[in-house]
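Visitor: I've got a model open on my screen and would like a walk through it. Can we take it piece by piece?

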Amino acid sequence: MKILLKASFIFVLLTTLSSCLGGSNAPEKLDVEKDFKLFESKKFSIKVPDYLTETADLNEDAEMQMQNMFRETYMIVMAESKTDFDFASEILGMGNDSLSYAENYMDMQLESMTEAFTYDVVKEKTTTVINDMPAMIVEANASIDGLNVSYIITTIESDHDIFYITCWTLTDRRDRYFPAFYQSVETIQQLEYDVESDDSGLQIDYDELLKELEQSAGE
């Protein structure tokens with residue numbers, strides 16, 4: 001399980017290029033049909049602004065990584081198997097049975113971020129529905145290496161997975177780019193795939209792992 005077995009907080013790539021763009025901080029006015037492009041993986045599809053390009057430098061566990069270093073805009077999407085999440089949560093004694101997958105995953109991600117850097121939640125957890133999928137959204141600000149960064153963090157429960165979307169930019173550009181981030185998040189769709197043949201999650205022999213844990217506890 002990505003969140004529990006390996007920290008999945010976002011390493012922010014903020015470069016000296018940030019001083020080159022300048023210009024107005026007025027909100028972008030983009031049209032999803034005209035100004036966005038489609039990204040598709042096995043488990044989901046999502047539309048992102050045309051100016052974002054794929055990268056491999058943001059988070060190695062992400063199924064989608066997009067950035068524009070001149071605009072200082074970044075976005076990742078991760079997909080966590082609900083089966084893996086349930087198993088790891090039970091074994092490690094984490095999660096709350098009274099909470100939804102979206103809220104449990106959000107709480108764990110925020111805890112993971114706390115271990116990496118200091119941040120302030122500026123928009124508390126909001127429960128919503130995105131394309132018929134239960135979702136939760138949080139906005140947060142952080143100061144990292146002297147730079148002020150703003151995040152939109154979204155967790156979404158699909159039929160078989162939990163989608164985790166993080167979008168971020170410099171805080172003084174949040175008003176300009178947050179509207180496009182929200183437009184993008186609202187386009188995510190779950191895709192049908194053969195769950196039994198899915199090999200994108202952890203390769204775990206659950207019975208063997210349980211035996212090992214029981215043996216360790218008895219020693």
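Predicted model: local features only at pLDDT ≥ 70, side-chain atom pairs only at ≥ 80, totals over all residues.

Visitor: In what order do the three strands of the open sheet stand?
Guide: Start with strand 1 (residues 36-40) and strand 2, which are joined by five bridges and run antiparallel. Strand 2 also pairs with strand 10 (residues 189-190), again antiparallel, over two bridges. Strand 1 and strand 10 each have a single partner strand, so they stand at the edges, with one side of each left without a neighbour in the sheet. The order is 1-2-10.

Visitor: Which residue of strand 2 is the bridge partner of Lys37?
Guide: Strand 1 and strand 2 make a hairpin, with three residues between them. Along that pairing, Leu38 sits opposite Lys47. For Lys37, the bridge partner in strand 2 is Val48.

Visitor: And what is the bridge partner of Ser45 in strand 10?
Guide: That takes us to the other pairing of strand 2, where two bridges link it to strand 10. There, Ser45 is partnered by Gln189.

Visitor: Is strand 2 largely enclosed or largely open?
Guide: Helix 6 lies across strand 1 and strand 2, at about 160° to strand 2. Of the six residues of strand 2 (residues 44-49), five are buried, so the rest of the structure leaves this strand largely enclosed.

Visitor: Which element supplies the largest share of the largest nonpolar core?
Guide: This core has 28 residues, and those touching the most other members are Phe44, Ile46, Met64, Met75, Ile156, Ile165 and Ile188. At least two core residues come from each of several elements, including strand 1, strand 2, strand 7 (133-144) and helix 6 (174-185). The largest share, six residues, comes from helix 6.

Visitor: Beyond its sequence neighbours within four places, which residues is Ile165 in contact with?
Guide: Ile165 is one of the core residues that touch the most other members. Leaving aside neighbours within four places in sequence, its contacts are Ile46, Met75, Ile76, Val77, Ile152, Ile153, Thr154, Ile156, Val185 and Ile188.

Visitor: How many residues are in the second, separate core?
Guide: Among its members are Tyr105, Met106, Ala140 and Val149. The count for this second core is 25 residues.

Visitor: How are helix 4 and helix 5 set relative to each other?
Guide: Helix 4 (residues 82-92) packs on helix 5 with the axes 12 Å apart and an angle of about 60°. The contact uses Lys82, Phe85, Asp86 and Ser89 of helix 4, plus Tyr101, Asn104, Tyr105 and Met108 of helix 5. The crossing is left-handed. By their angle, the two helices are therefore oblique.

Visitor: Is Asn104 buried or exposed?
Guide: Asn104 is in helix 5 (residues 101-114). Not counting residues up to four places away in sequence, Asn104 touches Phe85, Gly95, Asn96 and Leu99. Its relative accessible area is 8%, and the cut-off is under 20%, so Asn104 is buried.

Note on methods:
Residues numbered from 1 in each chain as written. Heavy atoms only, no water. Helix = DSSP H or I, 4+ residues; strand = E, 2+ residues; numbered from the N terminus. Buried < 20%, exposed > 50% of the residue type's maximum accessible area, 1.4 Å probe, protein only. Contact = heavy atoms within 4.5 Å. Pairing = 2+ DSSP bridges. Core = buried A, V, L, I, M, F, W, Y, C linked by side-chain atoms within 4.5 Å. Axes fitted to C-alpha atoms, helices over the stretch in contact; angles between N-to-C directions. Parallel < 35°, antiparallel > 145°, perpendicular 65-115°, else oblique. Left-handed = near helix turned anticlockwise from the far one by under 90°.
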